[in-house]
Every structure is written in structure tokens, then in C-alpha cells.
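Colleague: I have a few questions about the terms used for this model. Could you walk me through them?

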Amino acid sequence: MKFESLAFLVGGVALVLVLALTVLAPWVAPYVPTDQHVLDRLKPPSGRFLLGTDQYGRDLLSRTLVGGRAALVLGVGAVLLGLSLGVPIGLTAGYFGGRLDDVVMRLVDAMLAFPALLLALLIITALGASTGHALLAIGVANVPGIARIVRSVTLSLREAEFVLAAGARGEGHLYVMFGEIFPNVLPSVVVEATIRIGFAILAGASLSFLGLGVQPPQADWGVMIREARQYAFESSWPMVAPGVALGVTIIAFNLFGDGLRDRLGAA
Amino acid sequence: MPPPLLDVRNLSVHFGTREGPLRALRDVSLSVAPGETFGLAGESGSGKTTLGYAILRALARNARVTSGEIRFEGRDLLGLGGAEIRRIRGRRIAMVYQDPKSALNPTMTVGRQIAEVLEIHERQPARGARARAHELLELVNISDPASAARRYPHQLSGGMQQRVVIAMALAGGPSLLILDEPTTGLDVTTQAQVLMSIGDLRRRVGAAILYISHDLAVIAQVADRVGVLYAGELVEVAPTARLFAHRAHPYTRGLLEALPDLDGTSGLTPIEGRSPRLTEIPTGCVFAARCDFAEAACSVAPVPLVDVANGARVRCLRWQAVLATPRRAVAVARTSADAARDTPLLEVEHVRKYFGGSTALARRLGLGTRPVRAVDDVSFDVRRDETMALVGESGCGKTTLGRLAVRLLRPTAGHVRFFAPKPTDAQIVFQHPDSSLNPMKRVGRSLGRPLVLLGVPRRERRRRVEELLESVRLDASYVDRLPRELSGGEKQRVAIARAVAMSPRFVVLDEPVSALDVSTQASIVRLLMRLRRALRASYLMISHDLSLVRHIADRVGVMYLGRLVELGTVEDVFHPPSHPYTRALLSAVPRVGPRGSLAVIRLEGGVPSAQNPPAGCRFHTRCPDRIGRICEETEPPLRRVSATHWIACHIPVDELREKP
């Protein structure tokens, strides 16, 4: 088997595993993630607590499993939000071209020039820290990148003969954009979105780590790492468990996205 | 006879695919003598390029040579190791591919690139290499090698680029040159220059040439002997003159009858059906399913290659019958003269279309660039029920004019008037089958959409889609197919059906068959002509193929650098040609038969820039007949020389008509 196919397979399997465990978390988790076992604080892995416990004696396995839900909701939600704005912007700019394209793309460039995390921080500072606002912030930060990719694919299709033929039979702009061009942009969008979900999860975890996203005591990987930091010298398990989960999830999305790119022949 | 330089014996090549072995070449034997030019003809999928790669031992990784040998200069190439084959590649055997742009490095001057080959292969010092590079450029008829050597590839015309690539291939002093479609994609005038250079090469260098092409007329011009490949088998080999005079294989015969000739007397007879899938080769003759001569015995056992005459061999059981059957004459009905044909349907009046160019501010600041004058003051009309053609070299503005005619573009100045009830009564069919259909949409949806626009109710649409498919000779099973599951010809049929769905009165055909195989071309052309009569529509056909235009157009406009230089009926313009440019174009068309009285006129150089067209007559920089200052200073108007014929030239029309 070629290396690329192997990577795609590994990514896909890991992704299915992560998704299944996260969706089934409440049923799979051995304990309620917020239950405190006061006598078993900062325990290393054992038969009772497979990944050990944190400073309040909460089961790390349960918290990591359930914490994945917040991370995925944040990541997927943010990218969907980014798509819902970025796709129409990119299609419009690429399809109409000219002055409109110039103006829209300079605005997009200005947004891209701004570090995404900083942009997210600004939005949250203005709106207040909460899961919803973190999702909004990361979503908006994803818009310019998505718009750019959609625009460049659109631009390459604008002069395609099937698009010209649609013009010749009197189709409206909306139909040409969404009926003719969009289906051909879709593979690239799917690939891009998959890879972006991985990074959006990381961004979400970063915001939660800074205390600007998911709020304790709700289980979340960013929150878990933040809380574990103070006890890092007494026990590394509270940090390792969510860290590894985060890493595996992001790599899974990336490998899967790359493999998808080869398979869909996307740009 | 001297021992052959290249001797391919019983070569079979298979490609491993998911559907099992794809048998691209089967039992192919051919030989090329030293200094000989062997033409290998075949349509797409015939295996001609695979053979070229097999000789160079450059086959794809999933390819396997299952039998046979390739002897070159007495050695079996298939048995050589990697280091030995690398010593032969480039030095003893060199290959030139279709697209010169991808063969040249855009960041290096062409002189440097040739010298580099010499330094690597011949270990020549830089100084000697430069002088030798100039010699090589001269060998391929580049008139000022020193100045050409200093240029970058993009500064040269397509024909010059291809000649540079050939010069580069000659650098190692090969005894065999493999040319794979070296003139495909070039204009006829440029093609004529390249073919001329290739012809001269044989005399001057003495290298043998394996000339691979789909174009029989080109092969007829350059080759000493011809081999015809069909679906991976060599079906006929013969000396060139013999092959074109006595075609013994039904496929060769079919190909030649499909090819339109310039006199309008033969051609455009399609070969029905399609090539067999190379994963499912039939037992007997591979051509039997499409053959008019086939009988039961043909499909029973593999057909051997038999001797027909000295040096002529054919893989056909019925070759005697084929030889004895007279050729078919052409049967494409042009439009009959008709009163309706005097009424204009489309009027183009003093239309100009400029692209790019700077804003007024930039011009004032001296930063301006001139616009490209794609179409520069053109007037003509298309009448009801006729086929009007526009011809000219690439970049002459014919495609832009076609798009202006269907309002895909707005003119910079002038008017396009269309006398039909609805704007959508004008439709367009494009050149590239691959991009004319939306790759993500099934055929049924592509064809259903125009019906939605016309307000056809949902329950009738399916039936209408099937009718449309039927009208382009495709069955209902195509409804659920994606474009990638169709052949080039089938895609073009669907694209035509999509235009026909709007019941147009006027259709622009922008090179509708030039990307298709000859046998497919003929059937698409016939389909188009039949549909035109059924729709009672007019066509504006844009084409670089003068032979095709000769066959199907009623009137023709010849364009050069954004202008019409001649306009008239096909008879007026072609028979005999009078404008110097039209004559040059016609004389450059390669032909299978004798050339007749038409002298070969070689146009020097490429088409000048449309950003900065020459003053006076735009053609004067290349015109072999220019008469002096008037040509350089005054632009000739399009003058009426007969009831139907207009010419833009300073030379009096009587003199033009008398030229040989």
C-alpha cells in the first residue's frame, strides 16, 4: 500500500474512533465527569481510574471523553460558520471579478494579516467569555481563508465553457454561481473544511486554556490542561490525557483531509 | 536493404488497471531503416504514444512488456540496464513531444538550454557549445540563430518553440528521432514551417525519424513509409505513396474517407461505432465490429499480417475486396440556394473588441499599456438558413467575434444586431469536450436545465431529454452518466444537444470538432448539418480547418489580426484563392493526394502582436506579394469585387486572380 493511502486509512480510522467515543461519551465514560472522588486526588492510572484522576479526584478518562464533545462542537461549529460566510463571499468575488473582487479581496487580506487568535481574542473581549462567543470568534477568523480558496477555484472556472454556455442560455447569476460553479468548488471546500476543523479545535482549546472559551467546571480539553498546569509537578497525567486526545484528533482530521484531497482531486 | 536501425518485433505492452490488464499494444512489429522517416498513424487510444515510450524504455510504472523485443542498432533495448539505456536516451534516440511550452524551461534562454544539453551529453566546453547551439538552430531553419538563442521561450512563436525543441533533441547527434505529434496544436502556416524543417533535416542530418501523428495528411507529407495502428494493433504498413493510393485495410480506408479534402470532393464519411475497450479485446479482428467488409470468419481467430505487395502488409482477411471497392464520394449536403438566404439573421456592424489596456490616469502618467485589439472594426452578416464560417490563424480574433455574436461579450464599439424573438435563440457550442459539460452533473441534469428555463413541466422533461439524446444519436442510458464516463465525441454530442434544447435559430460553433479524432469528427459534422436543417437555423462556424470549412460552409470570412481580409462564398474565396493571405493559408494545408497547381507559399515569422498591429495593411509584414509603400502606409478597405465577394488588398483584383 502506498504511504498516502495508509495515512488516509489511519486518519480515517482515528477520526471514526474519536467521533464515536465523543458521541457515546456519556455512555462509555465510567464515571460522571464532574464527580469528585476526594480520597483519590492526582492518582496515576490504575484499575479503578484507567487514566488516573485530577486535583479534585475526578476521573480523567471520563473527563477526556466528555471533554471531546465541547472541542468538536466548537471546531465543527466554527468551521460551519466560516463556510456559511466564506463560501458566498469567495463565489461572489471570483464570479463577478473586477472592482468588486478587488475590494472584497483587499478586505479579506486585511483580515488575514491579523493573527487569527488575536482576532478571536478581540471579539471575545468585546463580547465576553463563553463557549458561544468562542465559536463565533473562531468562525469569523476562518472566513478570510475559506473565501480565498473558494475565490481562486471560482476564478479558474469562470471562463469554463459550461459556465459560458449557461450564460448563453440566459441563466441568472445566482444559478450560475450556485448551480454550475459551486458543485465544482465543493470538493476543495470539503477538503479545506476537514483540515480546518482540526485547527479550529486547537484554537478552541487555546481559548479555553486562556479562560476565554468553555468555562469550568464543564469538561473540556483546554480547560483540563489549564487546571492541570498548576499540578504539573505533582502528576503529569491530568495534562497528558487531554493533550494526547487533542493531538490525536487534530492529526486525524489532517491526515483524513489530505487523503480526501488526493481522492477528490481537489485543488 | 540495409539492416534496420530500429526493429520492433512482436511487441506487446499491458498496463495493470483495476479492471484487469489493459492491452495497449499487441504483437506490433515494425522496422525503421537508417535515415528513413516512418510515419505511425493512429487515433487516440491506438497505442502510438505507448510505442514511443516503450522504445525509450520510459513506460509508466504499471506497464509491462509481455512479449517481443525492440532491437536498436543491433541491441535489444529491453534487455539493457538503467545506465546503458540512459546512455542511449538523448544521444542515440531523442524524443520530441506535442507541447513545446512544457519541454522548454521558461527561465532560461533557448541558446543556454541547447548548450546545456551539449555540455551534459557531449561534455563540450561552454564556448564550443554556444557555437554548436547556433548551428543546431540553423539546422531547423531558424534564420537568425544568434538572436533567437538570446531569447526566452515565451518570446518565440509556437512554431519557433517547437523547432527549438527539435534542435535540442538533435544536440546529442541521435540516429533516431521520435516525434510525437510535433505539429498538433500549431496553426497550418506554422505547421508548414515545422514540417518543412523536418523534411530538410532528413537531408542534412540523416537521422531516422519515427513520426507519430493522428493526422494522416501530415504523415503523407513527411513519411517514406506509414504504419497504421488501431486499438493497439498494427493493421497496415506500406510505403507512403502505395498506402494512400491503395488502401488495403478497411480502417485505413475509413480514416481517409473521413478526412475532408480541400477540394470538397471527398471525406466526412464517418466510421461508425467506437474502438474496443482495451481491457476486452475481441478474439478475431479488432476492427470487425465497425467494418463494412466484415464477414463471419473475421471474428473467429486472430488475423495475421499478410503481404499484399512489395513492402506492403495488411492485417485483414478481405483485403482484396477492400482494394477492389471504389472510393466513396462525399455526401454532405450543403445548404441549397434558397430565397430565405438573403434575409439577414445577425448583423455585425463596425464591431471592435479591445481587452485590457490602462485607465486614462495611468496613460497620462506614462504607465499605460495598449489594449489588445482582438477584433478591430469588423462588419458582416449571417443570413437565415446558411452556414457562415470564420477562418484564420490563432489570435486573429475569430473566437472573440463568435462570443460577441452570442452576446457573451459586449463590443467596445459597434453593434451586433440579432433578428430573432429571444436573445436565447442564439446558442454556442465550444471546442473542448472536457470543459463544455459541467463535470459534476449527470447528462440528464445538463440537458434538463434548458428545459426548466423554457418552462417545460417536470413530468415531460424526462421524455424530452431522451428525445434530445436521440437527436444526437445517443440512447436513453446516457441520462445517468457523468461526463467523465463519456468519450470526447459523446461529450460533444451532449453539448450539442444542450444547445439544441433551446431550439436556437442561430448557433456559433467554435471549433466544434477540432479536439476529436478524424473518424468521430466526420459523424459530428454530419450530425451538425442534419440538425441545422431540422432547426432551420444558421451557423457561424469558427474553424482553423480550411478543408472542413470548404465542405460545409456556404460563405466564409478570412480574418487576420482582428480584421476581415476577405469575405465571400466558399467558391469565391477558395476556388481559386485570390487574397495573398488566403492563398498562403490554403497552400499550407497538408494534403493526402497530389498538390495540384497550388504553389507552396511559406509565410515568414509569426503573427504580429494585436497590441501593436503593423501600420498600413496588417498583413504586409508577412505578405509575399506586397507591392511597396502603399502596403506599409495605407490600410486597404474591404472592397466589393463581385456581387458576393469582398477583398481587402491594394493589389487590383484582376492581378490577384491571375496569380498561380
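**Terms and the values behind them**

Modeller: Happy to. In chain B, 49% of the 660 residues count as buried. Please keep in mind that this is a predicted model.

Colleague: What makes a residue count as buried?

Modeller: A residue is buried if 20 or more other C-beta atoms lie within 10 Å of its own. By that rule, 45% of the 267 residues of chain A count as buried.

Colleague: Why does Arg407(B) count as partly exposed?

Modeller: Arg407(B) has 17 C-beta neighbours inside 10 Å. Buried takes 20 or more and exposed takes 12 or fewer, so with 17 Arg407(B) counts as partly exposed. Its place is the loop between α14 (398–405) and β16 (413–418) of chain B. Arg407(B) also has a positive phi of about 60 degrees, although it is not a glycine.

Colleague: And why is Arg473(B) called partly exposed?

Modeller: The count for Arg473(B) is 15 C-beta neighbours inside 10 Å, so Arg473(B) counts as partly exposed. You will find Arg473(B) in the loop between α17 (458–471) and α18 (488–500) of chain B. Here too phi is positive, at about 60 degrees, and Arg473(B) is not a glycine.

Colleague: Why does Thr343(B) count as exposed?

Modeller: Thr343(B) has 11 C-beta neighbours inside 10 Å. The limit for exposed is 12 or fewer, so Thr343(B) counts as exposed. Thr343(B) sits in the loop between α12 (319–324) and β13 (344–355) of chain B.

Colleague: Which residues does Thr343(B) touch, not counting residues up to four places away in sequence?

Modeller: Thr343(B) touches Arg383(B) and Arg384(B). Touching here is a matter of C-beta atoms that lie within 7 Å. As for Pro483(B), 140 residues apart from Thr343(B) along the chain, the two C-alpha atoms are separated by 39 Å.

Colleague: Where is Lys659(B), and why does Lys659(B) count as partly exposed?

Modeller: Lys659(B) is in the segment after α24 (653–658) of chain B. With 15 C-beta neighbours inside 10 Å, Lys659(B) counts as partly exposed. Lys659(B) and Pro577(B) are 82 residues apart along the chain, and their C-alpha atoms are separated by 9.1 Å.

Colleague: What makes the peptide bond that joins His575(B) and Pro576(B) cis or trans?

Modeller: Omega is the value to look at: for the bond joining His575(B) and Pro576(B) omega is about 0 degrees, and the bond is cis. Pro576(B) belongs to the loop between α21 (570–574) and α22 (580–588) of chain B.

Colleague: How do you know whether the radius of gyration of chain B agrees with that of a compact globule?

Modeller: For 660 residues, a compact globule would have a radius of gyration near 26 Å; chain B has 26 Å, so the value agrees. Along the principal axes, the C-alpha atoms of chain B fill a box of roughly 70 × 65 × 50 Å. Chain B has 24 helices and 23 strands.

Colleague: Which domains does the assignment give for chain B?

Modeller: The domain assignment gives domain 1 (6–223), domain 2 (247–324), domain 3 (344–354 + 370–553) and domain 4 (564–590 + 599–658). Taken over C-alpha atoms, the centres of domain 2 and domain 4 of chain B are separated by 42 Å.

Colleague: Now to chain A. How many helices and strands does chain A have?

Modeller: Chain A has 10 helices and zero strands. Its C-alpha atoms fill a box of roughly 75 × 50 × 25 Å, taken along the principal axes.

Colleague: Why is α1(A) called roughly perpendicular to α3(A)?

Modeller: The axes of helix α1 (residues 3–23) and helix α3 (residues 60–96) of chain A come within 8 Å and cross at roughly 105 degrees. Angles of 65 to 115 degrees count as roughly perpendicular, and therefore α1(A) is roughly perpendicular to α3(A). At this contact, Val18(A), Leu21(A) and Thr22(A) in α1(A) meet Leu65(A), Gly68(A), Arg69(A) and Leu72(A) in α3(A). By class, those residues are four nonpolar, two polar and one charged.

Colleague: What does each chain give to the contact of chain B with chain A?

Modeller: Chain B gives 19 residues and chain A gives 12 residues. On the side of chain B, the elements that give two or more residues are β17 (426–429), α15 (433–436) and α16 (443–453). That side has 11 nonpolar, six polar and two charged residues.

Definitions and conventions
Residues are numbered from 1 along each chain as its sequence is written. Chains are lettered from A and ligands numbered from 1 in the order in which they are written. This is a predicted model: local features need pLDDT of at least 70, side-chain atom pairs count only at pLDDT 80 or more; totals for chains, interfaces and linings use all residues. Axes are lines fitted to C-alpha atoms, for helices over the stretch in contact, and angles run from 0 to 180 degrees between N-to-C directions. Helices (H or I, at least four residues) and strands (E, at least two) are DSSP runs, numbered from the N terminus. Angles under 35 degrees count as roughly parallel, over 145 as roughly antiparallel, 65 to 115 as roughly perpendicular and the rest as oblique. Two residues are in contact if their C-beta atoms, placed from the backbone, lie within 7 Å. Ala, Val, Leu, Ile, Met, Phe, Trp, Tyr, Cys and Pro count as nonpolar, Asp, Glu, Lys and Arg as charged, and the others, Gly among them, as polar. Domain bounds come from an automatic or database domain assignment. The radius of gyration is taken over C-alpha atoms; the globule rule is 2.2 Å times the number of residues to the power 0.38.
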